[in-house]
Amino acid sequence: MERRLSLSARLRTLGCVELNDADGKQILQVLRQPKRLALLTYLALARPHGFQRRDRILLQFWPDSDEERARAALRKSTYRLRQALGADVIQSRGDSELAVDPDLLQCDVREFDAALADGLPADALALYGGDLLDGFHLDGASPDFERWLEDERSRLKKDAAQAAWDVSAEWEHSGDMGAAVKMARRAFELAPPDGQRFRHLLEILDRAGDRAGALEAYEKFSSWLADEYGAEPPPETVQLVERIRSRSEANARAEPVPEVRPGPSPEPGPDTQPDARPADVAAKLVVAPARRAAPRWRQAGLILAFLLVGALIPTLVALREDPVSALDPNLVAVAPFRVFNPEHEIWGEGIVDFLSRSLDNAGELRTLTPTAAVRAWPGRADVESAEVAGLRTGAGLVVFGSLMGIGGDSVRINATLVDVAGPTVLGDLEIRGVPERMDALVDTLTVQILRELSATRHIGAMRHTSIGSRSMPALKAFLAGEQAFRRTAWDSARTHYERAIELDSTFAMGHLRLGSTIQYIELGDSSEGWEHVARAGELNSGLSRHDSLLLAAAADLAAFKLWRLPEGGTRELAERAYRNALAATREYPGDAESWYTVGVVRDLFYDDLRTVTMAQVADAFDRAISLDSAFAPAYQPAFRYAMDEGRVDVARQYARTYLALNPPEQATGVPLLLDRILDPLSDPAELDSLLDAVHPEALFMTWIRLWLLADSTELAIRVARTSAEREHDPRYWRTAPEIVNRNLAASLAYRGHLRESVEVTGGEYYTWFQALIPEAAMLGFIDAEVADSSFADWLEQEKFDPNVMAHELWWWAARSDTAAIQRYLERGGHEGVGRAALALARGDTTDAILRLETVEPGWLGSNLTVLVRARVLVAVGRDAEALEVLQGRFINDWPLASRVIWIMERARLADRLGQTEPALRDYRFVSQVWADADTELQPTVREAETAALRLGG
């Protein structure tokens with residue numbers, strides 16, 4: 001019998017409790033019944049996994065009932081669960097056993113355990129959001145159930161701590177001390193380490209340059225140890241701290257540990273924002289005002305107990321960090337409101353969307369984005385939860401509350417405003433009205449909150465902002481879309497956003513969200529999606545500061561994609577979009593969507609933003625993920641850039657995390673395929689079958705994520721060759737013969753197979769990859785006479801393109817062919833590049849250098865142009881300047897042979913100038929990427945291998 005595998009529901013129990021159906025809608029029939037939720041959780045998690053005996057379940061949940069009543073209650077609960085989840089989720093085996101079908105109910109704890117079992121600690125940590133069923137209590141349950149729950153909580157927390165230590169060790173081994181410190185701190189928060197691990201934390205803080213942080217951690221830790229146990233730190237720890245202190249200047253604090261992302265960070269540039277320092281581990285400890293004296297024999301005994309039985313020490317997670325140093329007193333987080341009536345369910349998070357926008361930018365206030373606020377909320381509507389949410393997000397102010405129907409059609413909103421630093425309740429507010437005027441109710445609530453805050457903060461005149469529609473049906477559809485979007489149910493979100501703009505065609509945020517969601521689903525290549533974004537830009541008025549900035553940046557992206565350029569061209573669009581996106585990250589530094597927008601702007605306008613590097617593009621997407629691991633749109637581009645940088649393990653981790661978020665099926669094909677073909681244990685024959693079955697459009701999207709990978713199996717060539725062999729589908733322009741042949745030729749050239757690359761190009765003049773043939777000619781893979789003849793013919797083509805022919809200039813310069821260069825200039829070629837080539841053809845290196853300095857990056861300033869400039873500087877003995885030129889950014893990210901030549905030239909220069917580490921890195925890259933290159937290139941490979949052995953041993 002064939003097994004049914006379609007998902008029915010998703011259960012999240014780590015950190016917060018969520019139960020959603022396959023479309024992302026909350027299953028309230030279970031969530032509102034604690035015993036049903038507890039029973040479902042127990043069946044999903046009880047170990048060994050599988051069927052659980054009914055008599056055991058009865059003792060756990062109905063210990064005080066007689067057997068008949070207990071069995072009747074269990075039957076009723078099971079029936080209700082099947083009603084809510086689907087008939088097949090809860091399985092029976094005879095009359096004695098029950099189980100949950102893991103294929104139909106996805107559970108974060110099961111995934112967490114599976115990730116650990118597969119040796120993927122980073123994946124496990126991404127799933128661990130906090131305690132199992134945090135704050136959950138079940139009246140009437142047996143002590144056995146409470147013990148089971150506490151044991152599972154303890155086990156999961158210890159496993160998460162071990163995973164964090166493992167990831168910290170991996171980052172430490174790779175040399176990224178900032179990431180190692182961050183993971184060690186997280187491990188320390190999760191479970192108390194033994195003395196050896198605490199010393200290791202101090203050591204990596206020291207090696208990361210944060211000696212002040214290490215000393216501060218030690219002081220607070222030793223105070224905590226004395227207060228709780230009357231003990232002093234062990235001698236080994238004291239000795240280590242003294243060594244650290246001796247290397248630190250008196251009372252001086254080290255530079256903060258930089259924010260961590262999974263890979264190397266770019267050098268700071270003028271647009272790089274300063275990272276907020278992660279809270280020190282020591283700040284998680286409650287510091288006692290004074291030490292209590294204790295007999296020395298008792299101190300020794302307690303130290304020994306601390307070292308050997310760390311699990312008996314009360315968990316450090318329960319000890320809060322000092323909020324005064326970590327909280328932003330003007331940052332407001334609005335928590336999801338508790339809703340008592342099912343018909344008002346949409347307003348649980350809907351009030352968050354409304355109120356966050358209304359409070360944002362009121363005087364000194366800024367608000368946490370609704371998505372971040374919803375995900376940070378631990379679940380209970382009380383001051384303690386507000387405190388936890390504030391500490392998680394840095395929000396010094398938290399608003400939480402409830403919505404209840406009263407009488408006929410009226411509702412009552414109760415809201416509590418909390419200053420987290422106290423924590424202190426600043427106000428308990430209540431307003432009443434009708435749900436059809438929820439916008440007016442939230443406006444009234446906003447005024448009351450601002451009135452409470454005006455005594456301690458400068459508020460000034462309130463500027464009215466909104467989501468952007470006065471139609472309540474449109475707003476409700478939009479809010480339903482927002483809730484679906486937060487749960488990665490993009491298809492459902494799209495339907496709700498479409499309904500919103502049907503009801504209100506002037507709804508700017510509705511158009512923006514609809515357009516963006518279409519792009520996420522269709523991987524950024526939908527003119528329909530960009531049209532909606534462009535329309536949103538036309539309607540950008542009266543919105544919150546956050547929405548307005550991101551909408552403005554998105555509208556400029558749409559203008560570029562739809563080729564609706566202003567008078568200043570793409571440069572004007574790029575600078576304006578970048579200015580707005582960076583402003584969003586400055587004003588909302590913890591917002592994943594703002595950093596994602598910066599990444600998209602850097603990526604799309606790379607040629608126009610002259611100071612931006614590929615590493616900075618990658619960094620923006622990585623930051624978005626580090627701020628919100630559930631922000632699915634950032635994973636696709638982050639995956640690609642991780643691959644470009646050779647971070648295959650990180651890329652596979654991104655792919656798996658993205659897939660775990662359950663995006664729409666059409667957005668999963670590429671990461672799913674890449675995860676499988678990147679598996680080193682994959683069967684080659686199986687890969688061939690897999691690639692043959694993939695749609696040509698998906699093959700292209702897969703290829704561009706592999707094209708710079710320097711792997712021994714040359715996967716990019718394999719994918720490009722498969723794509724070139726497929727039949728063209730006229731519905732998809734990327735499957736056209738000239739495109740797939742160009743892609744194959746590019747991958748072949750990049751991996752050093754120049755001979756076959758030239759055969760694939762067929763000597764074509766006008767393609768989208770004009771540099772291939774001149775590069776091959778300059779490397780000696782095309783006969784000089786054939787190249788001269790071909791380039792002369794191209795120069796006289798009726799459709800003359802100075803960008804295309806700029807690549808041939810350096811061939812002519814090397815051949816001293818001044819006539820061809822003059823003809824290029826006569827036909828309207830670029831003066832700066834043309835005159836530089838002409839000077840070089842005449843042997844005037846001084847003039848050539850001066851002219852090359854003026855050539856701006858872009859197609860005219862191609863990789864060949866940069867290489868020529870560096871080589872001319874070397875020829876006149878200016879090696880340091882040449883190396884500086886080659887340490888700049890690549891002109892584009894396409895796979896070109898010149899990219900490898902560039903890196904080899906850079907390695908030689910770094911080697912000569914004594915820069916061992918970068919030289920070694922580049923030599924190794926060249927020897928790897930051209931390992932199977934054509935015979936003519938093997939001398940270069942051997943040179944790189946020999947140099948790498950000399951420098952690296």
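Visitor: Is A489 buried or exposed?
Guide: This is a predicted model. In it, A489 has a relative accessible area of 11%, and because the limit for buried is under 20%, A489 counts as buried.

Visitor: And where is A489 placed?
Guide: A489 belongs to the loop between α18 (472–486) and α19 (490–503).

Visitor: Which residues is A489 in contact with, leaving aside neighbours within four places in sequence?
Guide: Those residues are D23, G24 and A484.

Visitor: Changing topic: how many aromatic pairs does the structure hold?
Guide: There are 28 aromatic pairs. One of them joins F560 and W563, with ring centres 5.8 Å apart and planes at 65°, so this pair is edge-to-face. The pair of F791 and W794 is tilted, at 5.2 Å centre to centre and 50° between the planes.

Visitor: Where do F791 and W794 lie?
Guide: Both are in helix α35 (residues 784–795), three residues apart, about one turn of the helix. F791 and W794 are both buried, whereas W563 is exposed, with a relative accessible area of 57%.

Visitor: Which residues do ring pairs link into a cluster?
Guide: The cluster consists of F485, W490, Y520, Y596, F621, F631 and Y641. The ring of Y641 also has the charged end of R640 over it, 5.2 Å from the ring centre.

Visitor: What sits over the ring of W595?
Guide: The charged end of R623 does, at 4.5 Å from the ring centre.

Notes:
Residues are numbered from 1 along each chain as its sequence is written. This is a predicted model: local features need pLDDT of at least 70, side-chain atom pairs count only at pLDDT 80 or more; totals for chains, interfaces and linings use all residues. Side-chain values use heavy atoms; hydrogens and water are left out. Helices (H or I, at least four residues) and strands (E, at least two) are DSSP runs, numbered from the N terminus. Buried means under 20% relative accessible area, exposed over 50%, partly exposed in between (1.4 Å probe, protein chains only). Contact means heavy atoms within 4.5 Å. Rings of Phe, Tyr and Trp (its six-membered ring) pair if their centres lie within 6.5 Å; planes under 30 degrees apart count as stacked, over 60 as edge-to-face and the rest as tilted. A charge sits over a ring if NZ of Lys or CZ of Arg is within 6 Å of the ring centre and within 35 degrees of the ring normal.
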